[in-house]
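Hi everyone, thanks for coming. I'd like to walk you through a structure that may be new to you, so please have a look at it with me.

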Amino acid sequence: MTTSNETQARNFLQEIVAEDKQAGKYGGRVHTRFPPEPNGYLHIGHAKSICINFGLAQQYGGKCNLRLDDTNPLTEDTDYVESIQRDVRWLGFDWDDRKFFASDYFEKLYAFAEQLIRQGQAYVCSLTADEISEWRGDFTTPGRDSPYRNRTVEENLDLFRRMRAGEFPDGKHTLRAKIDMASPNPVLRDPPIYRIRHAHHHRTGDTWCIYPLYDFAHCLSDSIEGITHSICTLEFENRRPLYDWIVDALIKGERPHQYEFARLKLTYTVMSKRKLLQMVSDKSVSGWDDPRMLTISGLRRRGFTPESLRDFATRIGVSKSDSWIDMGVLELSIREDLNERAPRAMAVLRPLKVVVTNYPEGQTEMLEVANHPQKPELGTRQVPFSRELFIEADDFQEVPQKGFFRLAPGKEVRLRSAYFIKCEEVIKDAAGNVTELRCTYDPATRGGDSPEGRKVKGTLHWVPGTAPTAEVRLYDRLFSVEHPDKDKDRDFKEFLNPNSLEVITTARVEPMLAQAAPESRFQFERLGYFYADPKDSTAGRPVFNRTVTLKDSWTKEQAKGK
RNA sequence: UGGGGCGUCGUCUAAUGGCAGGACGUCAGACUUUGAAUCUGAUUAUCAAGGUUCGAAUCCUUGCGCCCCAGCCA
């Protein structure tokens with residue numbers, strides 16, 4: 001019998017790296033890289049890639065570089081560079097002194113381009129963008145050779161140098177690799193590798209007016225950095241022949257190889273940077289770090305931990321099959337982590353006043369409450385108890401439905417770590433709304449202990465009548481359907497969940513919570529895990545973000561009854 | 001349509017010609033001072049059809065389905 005503990009199943013990338021290392025390839029060296037383009041914030045799909053690339057390096061005694069792939073000055077920005085570094089570090093990974101930019105290599109890449117020209121493997125093409133597209137053909141018809149394909153090396157070199165010198169406007173010429181216009185793979189039909197762009201670059205400023213394209217820059221950046229395994233997502237698989245062609249043409253000796261895995265797809269969300277950017281710009285969300293966003297910064301602000309995200313990444317595995325991960329898996333990862341480490345606390349979201357009629361007026365006693373039921377080492381705290389208190393409005397039903405074992409007229413429940421109380425009277429306003437409950441308590445049940453084995457099924461959380469109020473933000477899935485961008489004819493934003501955020505400003509919290517430091521995490525008993533918002537919390541007035549609810553079999557039970 | 005890739009429980013993922021395993025989910029139960037956690041049990045899968053073989057998820061053939069590619073984006 002094998003169990004997951006005994007079998008250390010390797011994913012296909014680990015297998016490739018292990019075999020290469022075993023075979024002594026690259027002298028046993030393992031060197032990966034995480035190469036985001038700084039044109040947006042990192043999301044949970046990137047987190048998967050980060051864990052794969054940095055993880056592989058860790059597991060096989062290698063290194064992983066951080067490389068900002070900044071070859072398109074139109075979309076890139078230093079703000080993004082900063083956020084990327086912050087997010088990778090927060091996730092728990094370290095590139096030491098190996099932070100690189102593709103733009104570090106512009107001079108070298110230019111030299112490689114000239115070399116390609118001299119080798120007769122690249123030419124300056126003067127077709128317009130539209131013409132290039134036309135001449136490329138389509139899936140069924142081969143492309144036609146550009147009329148500029150046979151320019152001499154000298155002419156190409158001259159033109160290319162003048163492109164660099166800024167003699168031509170945008171789009172006037174491109175440098176193209178001379179491969180095969182009839183290739184069944186359109187990527188190989190003389191792909192442009194340099195274009196003219198008179199644009200300000202976030203790092204090189206106005207030094208350049210020509211910029212290399214991804215296919216040219218990426219494989220050569222890998223080569224320059226001594227990358228051994230260049231890992232990317234499946235949609236780049238078509239480009240691997242081009243990767244190899246360029247590297248073969250220009251690099252002698254050891255060279256990197258590209259491998260592809262399936263990108264992460266999560267239900268109830270969208271993953272493309274374009275769509276995330278759109279929601280940020282049109283204010284569908286409050287920003288890149290809106291806690292509903294599946295960006296790393298959004299998840300961080302929601303209260304996710306780096307550990308839970310890393311756990312998620314290993315849990316979902318790595319393969320080449322195009323698959324959907326259920327949002328429940330992400331929720332499981334954070335619940336599992338926070339169940340272990342989050343101290344418990346009591347907060348009431350929708351307060352219902354309870355008066356304990358037989359409790360002496362003006363008396364207050366301190367009750368000791370455990371911070372974690374399974375971890376006595378996390379200690380206890382004191383919560384004041386007196387004649388007036390609040391319970392959750394949901395925890396009372398005047399006419400209890402089937403299976404409801406919380407408070408109801410004549411019924412007895414336990415107040416967590418306090419006393420048993422019994423509902424004697426229901427007070428309503430003129431409109432018939434329940435505004436207050438009159439209860440009696442049993443002094444023999446102090447601490448919540450059951451005397452002579454008396455059973456009560458329900459245990460409710462509560463806060464003192466003097467409890468401070470706090471703002472609580474209840475977050476839910478951003479989209480209300482599993483696959484918001486599956487239907488190409490419908491805008492994904494039609495599926496935004498209108499209830500993805502509920503702000504409650506009148507929640508009541510136990511006294512200790514009013515002092516909660518920003519970024520601290522708690523389990524609000526019976527409600528979920530909450531995180532003191534790092535931006536909006538102020539001294540003595542924390543704002544709590546709901547990270548995730550507790551598993552709730554009662555709601556499920558209720559739904560079944562209907 | 002040409003090329004490339006991928007098809008294993010509801011979902012994700014193992015198997016490297018030798019008992020289709022694990023996790024999540026679901027269902028049932030135990031326990032419970034959180035309807036949480038924990039524990040126990042159950043549940044369900046090799047895209048199809050042929051072939052090779054003592055033996056096929058794995059190899060071969062044919063078919064089917066899904067994904068990617070026709071940016072001077074990455």
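Let me begin with a question: is arginine 526 buried, partly exposed or exposed? Arginine 526 turns out to be partly exposed, with a relative accessibility of 33%. Before I go further, please keep in mind that this is a predicted model.

Now, what does arginine 526 do with its side chain? It meets the side chain of aspartate 395 in a salt bridge, with 2.2 Å from N to O. Arginine 526 sits in the loop between strand E23 (521-524) and strand E24 (528-532), while aspartate 395 sits in the loop between strand E15 (388-392) and strand E16 (412-415), so this pair ties together parts that are 131 residues apart in sequence. Aspartate 395 itself is buried, at a relative accessible area of 2%.

Across the whole structure, a search finds 53 salt bridges. Another one pairs aspartate 104 with arginine 203, and their closest N and O atoms are 2.9 Å apart. Here too we have loops: aspartate 104 is in the one between strand E3 (99-101) and helix H4 (106-118), and arginine 203 is in the one between strand E6 (192-196) and strand E7 (210-212), so the bridge links parts that lie 99 residues apart in sequence. Aspartate 104 is partly exposed at 37% relative accessible area, and arginine 203 is partly exposed at 39%.

For a local example, look at helix H12, residues 327-341. Arginine 341 forms a salt bridge with aspartate 337, with the closest N and O atoms 2.9 Å apart. The two residues are four apart in that helix, which puts about one helical turn between them. Arginine 341 counts as partly exposed, at 38% relative accessibility, whereas aspartate 337 is buried, at 14%.

Let's move to a sheet. How many strands form the open sheet that runs from E19 to E20? There are seven, in the order E19-E16-E17-E18-E12-E15-E20, and the pairing is mixed. At the edges we find strand E19 (459-460) and strand E20 (462-464), each pairing on one side only. Inside that order, strand E12 (residues 351-356) and strand E18 (residues 434-442) run parallel and are joined by four bridges. If you want a spot to look for, find lysine 353, which stands opposite glutamate 436 in E18.

Finally, the RNA. Of the RNA atoms within 4 Å of the protein, 57% belong to sugar or phosphate, and the rest belong to bases.

The side chain of aspartate 69 has an N or O atom 2.9 Å from a sugar or linking oxygen of RNA strand B. For the bases, a polar backbone atom of leucine 127 is 3.0 Å from a base nitrogen, and a polar backbone atom of aspartate 449 is 2.7 Å from a base oxygen. Among the elements that give two or more residues to this surface are helix H5 (129-135), helix H14 (553-561) and H12, the helix that holds arginine 341 and aspartate 337.

Terms used
Residues are numbered from 1 along each chain as its sequence is written. Chains are lettered from A and ligands numbered from 1 in the order in which they are written. This is a predicted model: local features need pLDDT of at least 70, side-chain atom pairs count only at pLDDT 80 or more; totals for chains, interfaces and linings use all residues. Side-chain values use heavy atoms; hydrogens and water are left out. A salt bridge is a side-chain nitrogen of Lys or Arg within 4 Å of a carboxyl oxygen of Asp or Glu. Buried means under 20% relative accessible area, exposed over 50%, partly exposed in between (1.4 Å probe, protein chains only). Two strands pair if DSSP finds at least two bridges between them. A residue is near a molecule or strand if one of its heavy atoms lies within 4 Å of it. A polar contact is a pair of N or O atoms within 3.5 Å; within protein, one must be able to donate a hydrogen and the other to accept it, and residues adjacent in sequence count only if both atoms are side-chain atoms.
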